[in-house]
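I opened this notebook to keep a record of what I looked up, entry by entry. The structure goes in below, and my notes follow it.

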Amino acid sequence: MSKVILGGGLSGLSAAYYLLRKNPASCLTLIESSNRLGGWIKSNQIEDVIFEEAARTLRPRGEPGINTLELIDELGLSNKVNPITLDSPAARNRMIYANGQLVSLPSGIKDLFVRNPPFSKPLIRHFIKDLVTAREVNKDESIYSFTKRRFGEEVADYLISPLICGICAGDAKEISVNFIMKDLFEYEQKYGSIGRGMMYALLFKKKNALNHNALSLRARNEKWSVYSLNGGLETLTKTLSDKIRQHKTLELKMNSQCKEIKFGNPSASITLDNGSIQNHEHVISSIPSYQLSNLIKNSHPELSSLLNNIKYVSVCVINLMFDENIIKKDGFGFLVPPKEKIPILGVIFDSCCFPNKTNKNVVTVMMGGKWFEEYFSHEMTEEELLTVATKYLKLTMNVKKDPVAYKVNLLKDCIPQYKVGHNENVHKIEDYIKKNNIPLTICGCSYYGVGVNDVILSTRNMVQKIQ
Ligand SMILES: C=Cc1c2[nH]c(c1C)Cc1[nH]c(c(CCC(=O)O)c1C)Cc1[nH]c(c(C)c1CCC(=O)O)Cc1[nH]c(c(C)c1C=C)C2
């Protein structure tokens, strides 16, 4: 009997890749409901410019970053890497739109000692607050309340809240501090303040030696901040798809949807939308948690409800090309603090990150996320969505002309929200699967990190455990 992978997005492809790398003779079936592989990652070539629909850059650092670089090398893509180095404006200049104007965020030590708008005092004073504020014992809390307690309201409003918009299009007031600040949270719990924890880590903590590879060493030596691939990030998922397709033991079922899963022990039966039933020894679910929840609701209502606790938000991504210079100050782009109460989350200056030969200005407007229902609806037409994006480009960047090309992408339920209690919920899901001997492995962005690097590494680790 074979193993079955549900979903042919980045996680499903990674699962197939790592399973087949471990055992090239293993029988696998991959079920994908649409007619293409790759999921949200989609790069559209317009003239000599790439319009990215979702993620566009990857970070080279840390264990997840190094793992992706190893994969890129294994796939023969090392010569397609397109880095942005730490000294480039796209890496150095990050802006927010606050109180009606674009302002650059501090980018060096010196900046900490001067007062920069929208902050009412130099940032160093916020860091001193952390050192003198008493510890509060907690199991979990929101990123917003944590940073407000330790550094003050302005840091929570103007640094952390926009950052959370950029990472998960979510509200820092809801997102768990364990999502991206686990270390800082633990520093407070263990050492009383983040500053003291950092000092301790710097002086005494043994660093886990990272397993570097040739490409990650190149990234370190050349000081990459982030990178993309020639042809866009879809080059990665396309090459992964081509690689796994070479295996004769892999059956790809495109345009095929799973309707129900019934787990026996030791096998699982999958009902497909054409009414056929397949039996498999193990199910690897890389589909979003809410979809898996639906497939098992009759046989495992408790697991179904735990999976359903993980909520998703929709993001509208609008790529625009201009034949005039609309970007007045080079940089990564800007994020909008939710406090500003406007319907856009941020704007990416794509042509600053990756200049094109024709010098066209390309930007991407991100809208919706946690506030999607407040400002938009899934029934809105492309023209209506485009009108909102151009109206707010005018307000924030004073763009007067119309774009010469654009693409409107409405990504329904695309980013999971790791709300307070997320880790505990995932542990309950894992415990339920283990206790009930369910032949199921969960992977994908619903559980162990939403970034491309996190998804690839966590999927690798999860499928490694399958016998
Ligand atoms: C569909 C929109 C997405 C938004 N966030 C993500 C997607 C796919 C996922 C994501 N974005 C970033 C991270 C952090 C870790 C990482 O893997 O890089 C994650 C998980 C950071 C990020 N956000 C934006 C960019 C260009 C980057 C990477 C580059 C960098 O930090 O230098 C822009 C951005 N993404 C979203 C919004 C609203 C936004 C605004 C400008 C949502």
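I took helices (H or I, at least four residues) and strands (E, at least two) as DSSP runs numbered from the N terminus.

Before going further I noted that this is a predicted model, in which local features need pLDDT of at least 70 and side-chain atom pairs count only at pLDDT 80 or more, while totals for chains, interfaces and linings use all residues. Residues are numbered from 1 along each chain as its sequence is written, and side-chain values use heavy atoms, with hydrogens and water left out.

Entry 2, the parallel sheet. I read the order of this open sheet of five strands as β9-β2-β1-β13-β19, with parallel pairing, where two strands pair if DSSP finds at least two bridges between them. At its edges I found β9 (250-253) and β19 (440-442), each of which pairs on one side only. Neighbouring strands of this sheet are turned by 15° against each other on average, direction ignored. Strands β1 (residues 3-6) and β13 (residues 282-285) run parallel and are joined by four bridges, and I saw that Ile5 stands opposite Ile284 in β13.

The open sheet of seven strands has the order β7-β6-β15-β16-β17-β14-β18, and its pairing is mixed. Its edge strands are β7 (101-104) and β18, each pairing on one side only, and its neighbouring strands are turned by 25° against each other on average, direction ignored. I traced nine bridges between β14 (residues 312-322) and β17 (residues 361-369), which pair in the antiparallel sense; Met321 has Val362 in β17 as its bridge partner. I then noted that helix α15 (residues 382-397) lies across β6 (94-98), β7, β14, β15, β16, β17 and β18, at about 70° to β14.

Entry 4, the hairpin. Strands β6 and β7 run antiparallel with four bridges between them, and Ile96 has Val103 in β7 as its bridge partner. The two strands form a hairpin with two residues between them, and Asn99 in the turn has a positive phi of about 50°.

Which residues are closest to the ligand? I counted 21 residues around the ligand, the closest being Thr57, Arg59, Arg94, Gly166 and Ile167, with a residue taken as near if one of its heavy atoms lies within 4 Å. An oxygen atom of the ligand is 2.6 Å from an N or O atom in the side chain of Arg94, and a ligand nitrogen atom is 2.8 Å from a polar backbone atom of Gly166; a polar contact is a pair of N or O atoms within 3.5 Å. The protein covers 87% of the 790 Å² of accessible area that the ligand has on its own, by the Shrake-Rupley method with a 1.4 Å probe. The largest share of the shell, four residues, comes from β16.

I found a cis peptide bond joining Pro117 and Pro118, with omega about 10°, and placed Pro118 in the loop between β7 and α4 (123-132).

Notes:
Polar contact = N/O pair within 3.5 Å; in protein donor to acceptor, adjacent residues only side chain to side chain. Axes fitted to C-alpha atoms, helices over the stretch in contact; angles between N-to-C directions. Contact = heavy atoms within 4.5 Å.
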